[in-house]
Amino acid sequence: SSGINAEYGGCSGIRNVSEAVEKTVRSVKKRTGFGKCQTLAAVVATYNSTSQLLDERSEEKLRKACNFAKWNPFPIDFWSSASKLPKLSYVLNCSSVCNSIVSECDNAVLKFHAGAYLHWFEQHGVMKDEFLDAFETCNDLVKSYNYFCT
C-alpha cells in the first residue's frame with residue numbers, strides 16, 4: 001500500500017533481525033521497484049526479536065534496496081520489542097509517492113476548473129481560495145521531495 005508520504009508494510013512470523021531485513025527488502029523491491037525510488041529514511045521494527053542489533057550485512061542489503069538519499073548519513077532506524085507477537089513493520093519515506101500526489105492534484109484541478117462539486121464545498125464554508133492554496137501546497141510538496149531526493 002502507499003500513503004500520501006510513505007510506503008509501508010509488514011509481515012508476521014519473524015524469528016530474527018536478519019530475517020526481518022530479508023522480508024523488508026523483498027517487500028520494498030516489490031512495492032517501490034528496486035532502485036527506482038529515492039528513499040529519505042526507513043524505520044524497521046521487529047517484535048519478539050532475539051537480536052537487538054542490525055548487522056552490517058543486513059544493513060547493506062537494506063541500503064541497496066531502498067536507494068537512500070545520499071545527504072542522509074543515518075537513514076535507517078531499527079526498533080526492537082520483546083512483544084510476544086512475532087512480526088515486522090516498516091515505513092519508508094519515499095519519492096515514489098510524487099507520482100500519486102501529482103496525479104491526484106491534476107485530477108482535483110481539472111474538477112475544480114470544471115466547477116465540479118464546488119457548490120457543495122461553498123455551502124460548507126470552503127471557498128475557491130482554499131482550493132488554490134491546497135493545489136499550491138501539493139506542488140510545493142512534490143518540489144520538496146524532488147529537492148531532497150537528489
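This is a predicted model: local features need pLDDT of at least 70, side-chain atom pairs count only at pLDDT 80 or more; totals for chains, interfaces and linings use all residues.
**A chat about the fold, core and surface**

Visitor: Where is Asp140 placed?
Guide: Asp140 lies in helix H5, which covers residues 128–148.

Visitor: Why does Asp140 count as partly exposed?
Guide: Because its relative accessibility is 38%, and partly exposed covers the range between under 20% for buried and over 50% for exposed.

Visitor: Okay, stepping back. How many helices and strands does the protein chain have?
Guide: The protein chain has five helices and four strands. Along the sequence, the pattern runs β-α-β-α-β-β-α-α-α.

Visitor: And what percentage of the residues count as buried?
Guide: The figure is 33% of the 150 residues in the protein chain.

Visitor: Which residues make up the largest nonpolar core?
Guide: There are 10 of them: Val21, Val25, Ala42, Leu62, Ala65, Cys66, Phe68, Ile76, Leu92 and Cys94. At least two core residues come from each of helix H1 (17–33), helix H2 (56–66) and strand E4 (87–94). H2 gives the largest share, with three residues.

Visitor: What do nonpolar side chains tend to do in soluble globular proteins?
Guide: They tend to be buried together.

Visitor: Let's pick out Phe68. Where is Phe68 placed?
Guide: Phe68 is in the loop between H2 and strand E3 (76–81), and this residue is also one of the members of the largest nonpolar core.

Visitor: Is Phe68 buried or exposed?
Guide: Phe68 is buried, because its relative accessible area is 8% and the cut-off for buried is under 20%.

Visitor: What separation is there between the C-alpha atoms of Phe68 and Gln38?
Guide: Those C-alpha atoms are 5.8 Å apart, while along the chain Phe68 and Gln38 are 30 residues apart.

Visitor: One last thing: what is the phi of Tyr117?
Guide: Tyr117 has a positive phi of about 65 degrees, although this residue is not a glycine.

Visitor: Where would I look for Tyr117?
Guide: Look in the loop between helix H3 (97–114) and helix H4 (118–123). Tyr117 is partly exposed there, with a relative accessibility of 48%.

Definitions and conventions
Residues are numbered from 1 along each chain as its sequence is written. Side-chain values use heavy atoms; hydrogens and water are left out. A nonpolar core is a set of buried Ala, Val, Leu, Ile, Met, Phe, Trp, Tyr and Cys residues joined through side-chain atoms within 4.5 Å. Buried means under 20% relative accessible area, exposed over 50%, partly exposed in between (1.4 Å probe, protein chains only).
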